[in-house]
Amino acid sequence: MNCGKVVETLREDLPLVFSKELDYSIYAKNVTFYEDVLSNIRVQGIPHYKKLIKYSCSGIKLYYKDPKLDVLKITQRSPGVIVFRWTFSGTPRKLIPFLQSKKPTVDIYEGVFVYVLNEKGWVCEHILERTIPPLSSFFRNLTSLFHAQLTPSVKFSTKTPPKDTNSLT
């Protein structure tokens, strides 16, 4: 795998992410997605990465009519580090029709994805570095849902809490 193949694949895949599955042949088996902008979500491994992409696209398509992702600029920050600057646009769906304005609004976000390649040239990290403006509460809720779906289990403490000696009971 080489950097040129990764760039070309992502350049073709990203604009179509809402209508077709990505080409996962460029990703390492242990690819990690980091998102420190919104909810500090971290997903590792191809199966979890695929689920994240699938759930993200599904949620975005439910919330937005005609979502679109355009690649604005591709740069190489350093050997093995590729930066994609992008714009997302979409018209929010109105859940209550009579509240819909005559002129629909379009939400626009600019962002940066960073892809880090391992020594064999596979994408081993995909990082959402930033978005402008900061993502809305819809995206925060969406990432919380993904985190819950991708977390294998939640562990609860089985210890009995200490007795409060100052309580009235």
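## Tyr27 in strand β1

At 6% relative accessibility, Tyr27 counts as buried (buried means under 20% relative accessible area, exposed over 50%, and partly exposed in between, with a 1.4 Å probe and protein chains only). Tyr27 lies in strand β1; helices (H or I, at least four residues) and strands (E, at least two) are DSSP runs, numbered from the N terminus. Leaving aside neighbours within four places in sequence, Tyr27 is in contact with Leu10, Leu22, Ile46, Tyr49, Tyr115, Trp122 and Val123, where contact means heavy atoms within 4.5 Å. The C-alpha atoms of Tyr27 and Glu125 are separated by 8.6 Å, although these residues are 98 places apart along the chain.

The model is predicted: local features need pLDDT of at least 70 and side-chain atom pairs count only at pLDDT 80 or more, while totals for chains, interfaces and linings use all residues. Residues are numbered from 1 along each chain as its sequence is written, and side-chain values use heavy atoms, with hydrogens and water left out.

## Thr32 in strand β1

Thr32 is also found in strand β1, and at 10% relative accessibility Thr32 counts as buried. The side chain of Thr32 reaches the backbone oxygen of Asn30 at 3.3 Å. This is a polar contact, that is, a pair of N or O atoms within 3.5 Å; within protein, one must be able to donate a hydrogen and the other to accept it, and residues adjacent in sequence count only if both atoms are side-chain atoms.

Not counting residues up to four places away in sequence, Thr32 touches Val43, Gln44, Cys124, Glu125 and His126. Among these, Glu125 in β6 is the residue that stands opposite Thr32.

## The sheet

Strands of a sheet pair through backbone hydrogen bonds, either parallel or antiparallel. Here six strands form an open sheet in the order β2-β1-β6-β5-β4-β3, with mixed pairing; two strands pair if DSSP finds at least two bridges between them. The edge strands are β2 (41-44) and β3, each of which pairs on one side only. From one strand to the next, the twist averages 20 degrees. Strands β1 and β6 run parallel and are joined by five bridges.

Two helices pack on this sheet. Helix α1 touches β1, β3, β4, β5 and β6, and its direction makes about 5 degrees with that of β4. Helix α2 (residues 46-63) touches β1, β2, β3, β4, β5 and β6, and its direction makes about 50 degrees with that of β1. For these angles, axes are lines fitted to C-alpha atoms, for helices over the stretch in contact, and angles run from 0 to 180 degrees between N-to-C directions.

## The buried side of helix α1

In helix α1 (residues 3-13), the residues Val6, Val7, Thr9, Leu10 and Asp13 are buried. They lie on the same side of α1, because they cover an arc of only 165 degrees around the axis; the arc is that of the directions from the helix axis to the C-beta atoms. What covers these buried residues includes β1 (27-35), β3 (64-78), β4 (81-92), β5 (107-117) and β6 (123-132).

At the start of α1, a side-chain oxygen of Asn2 reaches to within 3.0 Å of the backbone nitrogen of Gly4.

## Salt bridges

A search of the whole structure finds six salt bridges, each defined as a side-chain nitrogen of Lys or Arg within 4 Å of a carboxyl oxygen of Asp or Glu. One of them joins Asp13 to Lys20, with the closest N and O atoms 3.8 Å apart. Asp13 is buried, with a relative accessible area of 6%, whereas Lys20 counts as partly exposed at 43% relative accessibility.

The side chains of Glu129 and Arg77 meet in another salt bridge (3.0 Å, N to O). Glu129 lies in strand β6 and Arg77 in strand β3, so the pair ties together parts that are 52 residues apart in sequence. Both residues count as partly exposed, Glu129 at 30% relative accessibility and Arg77 at 48%. Arg85 forms a salt bridge with Glu110, the closest N and O atoms being 2.9 Å apart. This pair links distant parts of the chain, with Arg85 in strand β4 and Glu110 in strand β5, 25 residues apart. Arg85 is partly exposed at 36% relative accessibility, as is Glu110 at 31%. Salt bridges that share partners also join Arg77, Glu129 and Arg130 into one network.
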